[in-house]
Structure formats: structure tokens, C-alpha cells
Amino acid sequence: MALAVTSSSSAAISGSSFSRSTGSSELKVPQIGSFRILERGQGQSSALNLSQRKSAVKPINAEPKRNDSIVPSAATVSAPELVDKERVEIEDFEKLAKDLENASPLEIMDKALETFGNDIAIAFSGAEDVALIEYAHLTGRPFRVFSLDTGRLNPETYQFFDTVEKHYGIRIEYMFPDSVEVQALVRSKGLFSFYEDGHQECCRVRKVRPLRRALKGLRAWITGQRKDQSPGTRSEIPVVQVDPVFEGLDGGIGSLVKWNPVANVDGKDIWNLLRAMEIPVNSLHSQGYISIGCEPCTRPVLPGQHEREGRWWWEDAKAKECGLHKGNIKQEDAQLNDAANASGTAAETDIFESQNLVTLSRSGIENLAKLENRKEPWLVVMYAPWCPFCQAMEGSYLELADKLAGSNVKVGKFRADGENKEFAQSELQLGSFPTILFFPKHLAQPIKYPSEKRDADSLMVFVNALR
């Protein structure tokens, strides 16, 4: 598997190994965990610092074959001999994250590559995270790139991978799922089981386990996560952290560092960079795709939708992570949300607040549903305040409520999570959040809004067609 290496001073090198200018003797890379350079006492007495390490990396296949069979050759980096009594150095990544909180993505990328050299790689999904490769290229430092080929990507994504490799003169290290595991899954449950019982099992086989193998050959990795991508799970990600889920080369939780250089960058600013620097992009973006994953589980988003709503659209918003970044959800937050959803109460601030909008209780919407002759028609959104897709359409719905104020149509909301969810599913056609119902004036059965275009104009067309 090829190593993605590039430098401002030399042409990119492909193949199973690479060379750099070194001194008369070769040293191996010091073992850098998430907290310290480990102590080993063999060889000479001088210490090897990080700047020395960058020019002392052996070719990727130069070490004896590892016993750890799960580490792919592309992710296996040299584990050099350390000189006598290596000094223990502690890195406080929480403090570093605070120090870099206001730093530019370029500065954060440079710090990451400087600190970990050949022991770090960029995780590239084939979407707008190509910006990470551009930032790495601009630092002038060598860098590695890997990607997860699940076997179910769009043809446009495969073409984009090839374009990126040629544009930057690199070779992406592709990681593949275990063929035996994929075969067992497909033979037992079919090609599209995720539509019926959730995407987690398929993602675990095709994405999470290959990622785990890749990271076992590294001491740090770089992701394109942004806080604005998913309000429910990514709103608090730091620019650098000790990875709370995956293990690195030294083994054990805490042995891997995760860098998120664009954590504080707004999505539109990423696109400003891509346009300004004339960086190639996935052609799916021009077709309405924002968040891009596997072909069966990704679709374009529509007006009024959050970007993550194009992923696993048949599931609730809280399930919109595939498992690669599940460490974003704090345990205490998850427990709080579970308790809130079970009890029907929540710590989240409520949404859809307007004087032109009626809040319906459980008994209120039950009575509304039972009426056969209503004084006026109603439009009601069934929602959960923690749902990012409900949050994304809040502005459109409030705009619609303002437009309908004083008309003969009442606009309301009903919180349908927690203890109300089962009732809403059985009696009110709730599939996922948000679900919008129109209660006609002279018809008992409510009519479900069938489209996912949730902008105010599209909703108004729906209302006008029925009132």
C-alpha cells in the first residue's frame, strides 16, 4: 500500500518506501504516545528530539515483519531504537487545545505535522475535507493521507480520489473492510439490511474496523470535523485531544491523539478556501450533496435541511454518526439525553418559540385529532428540541407562522419525543423528526407533508393546496 508523502522542496514519491536526507546513521522514530515519549534504555546516551526524528525515519518496510497481524503495511511505521535513557516528556493536550483555540487551521496543521512527523496521517473522506490536504501541502512538510474504501462509495468519489492524488502528487493509503466479514454480513442479511435495522452494523464492518486497523499504525490522526456539522454531536470538539475511543501504535486508550484543525471553521469558509485556491472538489457537491458517505446512505439535501440530513435519512437525528467519531458524545450527556427522552422532559432549550405559534400538549393534539369539524385548519410540526434537523428548519417554520398570522390557518407544534413518541408513531404517522401534519377543516384524518423541502415557500404551497 502506497505512502502519501509530499514536500515543497521535492517531488512526491510513490511506492512502498520513500527516502529522505539523513545523517550518517539512521535512528528510529521515538515512541510518542498521547501523553509522553516513552522511556527505553538501549544504545547511545544522547536524546532524540522531535526535529531530529523528522529526518531519521526509515523506509516504511524497513523494519522486521510485525507480529500484530491486524496492522496493515500501509499504516505500519518504523519503530526505531531509542538511545540510552530517553527523557520522558509530557504533553498536556487539553492545555494545547486551549492555546490553539484561536489559531488558524494552517497553524494547527503545521503544529500537528511538526509534532508527529511520519506517525500522523490525514483521514480523507472524499468530500470538502480535501481542505485538510491543502493545508498540509501549504505547510511544506511531508504528510500522509489515508481513506476508507467501504466498497459502496459513489463513482464520483472514486474519480475524486484519483483527481486529488494527481493534483497533489501523492498516493492515498486506502483501507478496506475484511472480505470475510463483509461476505458474512451480506449473505446473512442482504445488501441493504441497514434500511431495516439501522446502519451501525454495516458501518462497523465497512468503516469502524478498517479505521481501527489503520490507527493502530499511527500515534495521531487528523480529521475534518467541524462544530457546525452536527449540533447534537460535534458542537464541543476541540482542535486537539487525546482520542477517547481508538488506540494508537503504543496500545491502550490514551495512546492516540486526534487533531481537528477546522473544528472552529464555518462550512462556508471552507468553501471560500476551496474556491480561492482552486482546489478540486467532488462533483457530487454540484448535485446538492454536502455530507458525502456511501452511495446507498447518502443523498442531496433540500432547502431548509441540515447538511447531515442527507445521511441515513430514514433514522432519527441522534443516530447520525457512523461510529468513527462516537467519542464526541460525552457519557454524561448521553445518559442525560436518554433520561430526558424517556421521561419526556429535556435539558435542551425549546425551539419554535413564537407568539404566532400554539404549543400543543398531549391532550391538546389528541382532541385536535378527534375533531371531525374544526373551526379552522391546523398545521402542526412534531419535533424534538435536540434534533439538529428540527433546529435547521426552525427559521423556516417561524417565517411560515408569521405569514399565516391573521389567516384562517392555525400553526402549532407538538413535542413528540420521550413518552409521547410511541403515541405519535401509532396515532399521528410520526416516522422521524421533524414530521409535519395538516389537519383540514372538514376531514378527521390529518395529512402528512410528504416532501423534505422545509423552506417557508414550499410549506406554504402545501398549506395553500389543502386549505
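Biologist: Which backbone nitrogen lies 3.3 Å from a polar atom of the side chain of Thr 223?
Modeller: The backbone nitrogen of Gln 225. Keep in mind that this is a predicted model.

Biologist: Where is Thr 223 found?
Modeller: Thr 223 sits in the loop between β4 (220-222) and β5 (240-242).

Biologist: Is Thr 223 buried or exposed?
Modeller: Buried. Its relative accessible area is 2%, and the cut-off for buried is under 20%.

Biologist: Switching to charges. How many salt bridges are there?
Modeller: The count comes to 18 salt bridges.

Biologist: What does Glu 128 form a salt bridge with?
Modeller: Its partner is Arg 226, and the closest N and O atoms are 3.0 Å apart. This pair links distant parts of the chain, 98 residues apart. Glu 128 is in the loop between β1 (120-123) and α4 (130-139), while Arg 226 is in the loop between β4 and β5.

Biologist: And are Glu 128 and Arg 226 buried or exposed?
Modeller: Glu 128 is buried, and Arg 226 is buried as well.

Biologist: What about Arg 209, which residue does it form a salt bridge with?
Modeller: Glu 181, with 3.3 Å between the closest N and O atoms. Arg 209 lies in helix α8 and Glu 181 in helix α6 (residues 179-189), so the pair ties together parts 28 residues apart in sequence. Arg 209 is partly exposed at 34% relative accessible area, and Glu 181 is partly exposed at 29%.

Biologist: Which residue does Lys 216 form a salt bridge with?
Modeller: Glu 247, where the closest N and O atoms are 3.6 Å apart. Lys 216 is in the loop between α8 and β4, and Glu 247 is in the loop between β5 and β6 (257-259), so the pair ties together parts 31 residues apart in sequence. Lys 216 counts as buried at 14% relative accessibility, whereas Glu 247 counts as partly exposed at 30%.

Biologist: Which residues are linked in a network of salt bridges?
Modeller: Asp 119, Arg 219 and Asp 250.

Key:
Residues numbered from 1 in each chain as written. Predicted model: local features only at pLDDT ≥ 70, side-chain atom pairs only at ≥ 80, totals over all residues. Heavy atoms only, no water. Helix = DSSP H or I, 4+ residues; strand = E, 2+ residues; numbered from the N terminus. Buried < 20%, exposed > 50% of the residue type's maximum accessible area, 1.4 Å probe, protein only. Polar contact = N/O pair within 3.5 Å; in protein donor to acceptor, adjacent residues only side chain to side chain. Salt bridge = Lys/Arg side-chain N within 4 Å of Asp/Glu carboxyl O.
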